[in-house]
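Have the model open as you read.

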Amino acid sequence: MSDSTSPAAVAVLGLGAMGSALAGALLDAGHRVTVWNRTPARAEPLAARGAAVAPTAEQALAAAPLAIVCLLDYASVREALDPAAGALAGRVLANLTNGTPEQARAMADWAARHGAAYLDGGIMATPSMIGGHASSVLYSGAPEAFEAHRAAFETFGEAVFLGPDPGAAPLNDLALLTGMYGMLGGFLHATALVGADGPSASEFTAERLIPWLSGMMQDLPEIARQIDTGDTPPAESNLAMQAAGYVNLIRASQAQGVRTDLIAPMGELLREAVARGRGDGDLAALHDLLTAPTG
Ligand code: FVH
């Protein structure tokens, strides 16, 4: 394995928006980078920056002790790597493709059968953020493989290791994405609701929504503490009050001709909590409903 503190040879398989950004960050940091992509033309900008271009995935794997894979999904990873598996023995396979914990564990087993150490990863950044201070990547899987290649991983942003279960990184990645989509769903609904007669989306977002959400974000640690401890002090904003007010979100949206798909489920959960006698509780009570066995 390479010295984890010095630039080393790295192969990058997959040159979509994200794979290209990863390969670019490695080149910027002085690594010797070999790239491969199903559609070869996508390698040209990286070749112009000094990357070697492998004609096949197998030749890319053979070029470096560390292979970073970033493709569309796990089906495409298997499609690309199955014919190349002969070159995996003794190497580290770091798969940064979005997937589920179960897919990651199955991929780790597959890699082990071919003699490779496996890391799974979740990229918490958009391509343009890679290498910047707000970028982080979650890793889990073989600890010694992570340590051996930490320097390469740190070129993408903060490199966070979550332990030996390959499923840990994708689980945390997906959980963070649900938080992001919840926020984006709220943003999209809010701008649609206010949009008909109100300010522009830009004005509403800058002057109203961001300050409001930033303030509400401060409540999350206390709700999380209540989830963790089960300690639920009397609620300042109880669920019965919230359920009654939520009806108006739905009514006003319908009156404005705005679809309620993005916000209706939260209203149903609030109603259920009240029906189950949790109306005097706080939002932490909804956590219990989400995780209760169904049926
Ligand atoms: N872009 C983003 O904002 C997010 C940020 C967080 C992480 N995601 C995940 O990263 C994976 C790759 O995403 P991407 O943005 O690079 O996606 P595309 O630009 O669409 O590139 C897709 C690449 O996958 C290749 N590919 C697709 N199918 C196959 C296949 N059957 N065999 C081999 N390669 C395949 C595709 O190749 P080509 O179309 O150029 O030939 C691209 O290289 C993804 O998991 C995100 O969820 C990105």
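How do the residues of the lining of the largest pocket divide into nonpolar, polar and charged? They come out as 32 nonpolar, 14 polar and 4 charged. Here Ala, Val, Leu, Ile, Met, Phe, Trp, Tyr, Cys and Pro count as nonpolar, Asp, Glu, Lys and Arg as charged, and the others, Gly among them, as polar.

Before going further, some ground rules. This is a predicted model, where local features need pLDDT of at least 70, side-chain atom pairs count only at pLDDT 80 or more, and totals for chains, interfaces and linings use all residues. Residues are numbered from 1 along each chain as its sequence is written, and side-chain values use heavy atoms, with hydrogens and water left out.

Back to the largest pocket, which has a volume of about 2100 Å³. Of its 50 lining residues, L213, M216, L220, M266 and L283 are the closest to its centre. A pocket here is an open set of points on a 1 Å grid over the protein atoms alone, where a 1.4 Å probe fits, with protein on both sides within 12 Å along at least five of seven lines; lining residues have an atom within 4 Å of a point. The helix α8 (168-195) gives the largest share of this lining, 12 residues. Helices are DSSP runs (H or I, at least four residues), numbered from the N terminus.

Now for the second largest pocket, with a volume of about 680 Å³. It is lined by 26 residues, and G16, C70, L71, L72 and T97 are the closest to its centre. Helices α1, α4 and α8 each put at least two residues into this lining.

This second largest pocket is where the ligand sits, meaning that more than half of its atoms lie within 2 Å of the pocket's grid points. There are 21 residues around the ligand, and M18, N37, R38, T39 and R42 come nearest; a residue counts as near if one of its heavy atoms lies within 4 Å. Helix α1 gives the most to this shell, with 3 residues.

What about polar contacts, that is, pairs of N or O atoms within 3.5 Å? A backbone N or O atom of N98 is 2.9 Å from an oxygen atom of the ligand, and a polar backbone atom of L71 is 3.0 Å from a ligand oxygen. From E79, a polar side-chain atom lies 3.4 Å from a ligand nitrogen.

Note on methods
Polar contact = N/O pair within 3.5 Å; in protein donor to acceptor, adjacent residues only side chain to side chain. Points joined across faces, edges and corners; volume = space filled by probe spheres on them.
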